[in-house]
Amino acid sequence: MAERTAPRSVTIRDVARAAGVSISTVSRVLDDRHPPSTSPSAERVRAAAAELGYRRDAYASGLRRQHTGTVGVLVPRLSDTVMAVFFEEVARACAAQAGFAIVATTEDRPEAEKAAAETLLRQRVDGLILTTARLDDPFAAELRAQGVPHVLALRTDHVSPSATGDDELGGYLATRHLLDLGHREIALVAGPSYASTAVARQEGYRRAMAEAGLTEVDRLIHGSTFGMDSGEVVAREVLAGPGRPTAIFAVNDNTAIGVLAAAQAAGLSVPEDLSVVGYNDIPVSARLPVPLTTVRVPFDRIAAHAVELLTQQLGGGTGSPQRVAPPTLIPRRSTARPAPAA
């Protein structure tokens, strides 16, 4: 027996096409906040919706007819300094346009992301800025199908409008810095595979290593989350194993701080015994006992790009749907040339 495929959800566009009317007409007719119309076009809309089995989506029903100047921002958690800093930049960018940003957290769980988005839309935000996009989840595609104004920020699915840093370039710069210092055994604490940021930074790492003639690097790549605890756990295993690396590039500053803790626990000095590079340049990075070499992400520019892209959607305008801001390597005291072999 042939495998059955789940039917595609019927969208407002499907109803408009079947009824021979505009999407805005369908939205108006099926909006139960308006008195029911008895016009021929309204009757066609209702008949087409019934025939196709259309169900009004919770996201679409939360969209209002007039802009409120309010943007909903979804972040995994505000205890992550990156997300807190980025939200503050979005709030500033909105305020510069006499707007306002409100935030909801998702704990990086897809089901919580959908619930948070639904709640924000019911609060009549003009649109969504999401830092929670996952490569293994179709949520952004659902928003596109429902016509919900949205922008993916920091992470991307490479389809929806997005504002990101050039993470592939950043991963390359971090790894190239260590190579230029003379390191060859460079481990990568790589982050989760569902996040485009982690995937792209690993691609940059691989490109730099390949340029140096180091193509057999899979043994040096270690998956993790974005947290300090994960960085410490992974680094403890890496540093205790055979062939200890002389340098570690961590996917973000949080995991890099975990690496520093593991190095201290192992009795290693940074950078004399181990060089460490992070990513993002959160405020604490420059104030650690050994200031952290890292890759600075221009959160202000990315936030401004995200708000601009969302404003374009709300105004019906078009423009480049993908905005990418270049990162900058910030060398500090956590990296140095490797110690000479004994």
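Me: At roughly what angle do the axes of helix α10 and helix α11 cross, and within what distance do they come?

Reply: This is a predicted model, in which local features need pLDDT of at least 70 and side-chain atom pairs count only at pLDDT 80 or more, while totals for chains, interfaces and linings use all residues. Residues are numbered from 1 along each chain as its sequence is written, and side-chain values use heavy atoms, with hydrogens and water left out. The axes of α10 (residues 228–240) and α11 (residues 253–265) cross at roughly 45° and come within 7 Å; such axes are lines fitted to C-alpha atoms over the stretch in contact, with angles running from 0 to 180 degrees between N-to-C directions. The helices themselves are DSSP runs (H or I, at least four residues), as strands are (E, at least two), numbered from the N terminus.

Me: What makes α10 oblique to α11?

Reply: Angles under 35 degrees count as roughly parallel, over 145 as roughly antiparallel, 65 to 115 as roughly perpendicular and the rest as oblique. The crossing is at roughly 45°, and that makes α10 oblique to α11.

Me: Which residues of α10 meet α11, and how are they classed?

Reply: Contact means heavy atoms within 4.5 Å, and the α10 residues that meet α11 are Met228, Gly231, Glu232, Ala235, Arg236 and Leu239. By class, the contact has 9 nonpolar, 4 polar and 2 charged residues, where Ala, Val, Leu, Ile, Met, Phe, Trp, Tyr, Cys and Pro count as nonpolar, Asp, Glu, Lys and Arg as charged, and the others, Gly among them, as polar.

Me: Why is α2 called roughly perpendicular to α3?

Reply: Helix α2 (residues 23–30) and helix α3 (residues 40–52) pack at an angle of about 85°, with their axes 10 Å apart. That angle makes α2 roughly perpendicular to α3. At this contact, Thr25, Val26, Val29 and Leu30 in α2 meet Ala42, Val45, Arg46 and Ala49 in α3, giving 6 nonpolar, 1 polar and 1 charged residues.

Me: What makes lysine 114 and glutamate 142 partly exposed, and which parts does the pair tie together?

Reply: Lysine 114 forms a salt bridge with glutamate 142, the closest N and O atoms being 3.4 Å apart. Lysine 114 lies in helix α6 and glutamate 142 in helix α7 (residues 139–146), so the pair ties together parts that are 28 residues apart in sequence. Lysine 114 has a relative accessible area of 25% and is therefore partly exposed, and glutamate 142, with 27%, is partly exposed too.

Me: Why does serine 24 count as partly exposed?

Reply: Serine 24, which has its place in helix α2, counts as partly exposed because its relative accessibility is 47%.

Methods. A salt bridge is a side-chain nitrogen of Lys or Arg within 4 Å of a carboxyl oxygen of Asp or Glu. Buried means under 20% relative accessible area, exposed over 50%, partly exposed in between (1.4 Å probe, protein chains only).
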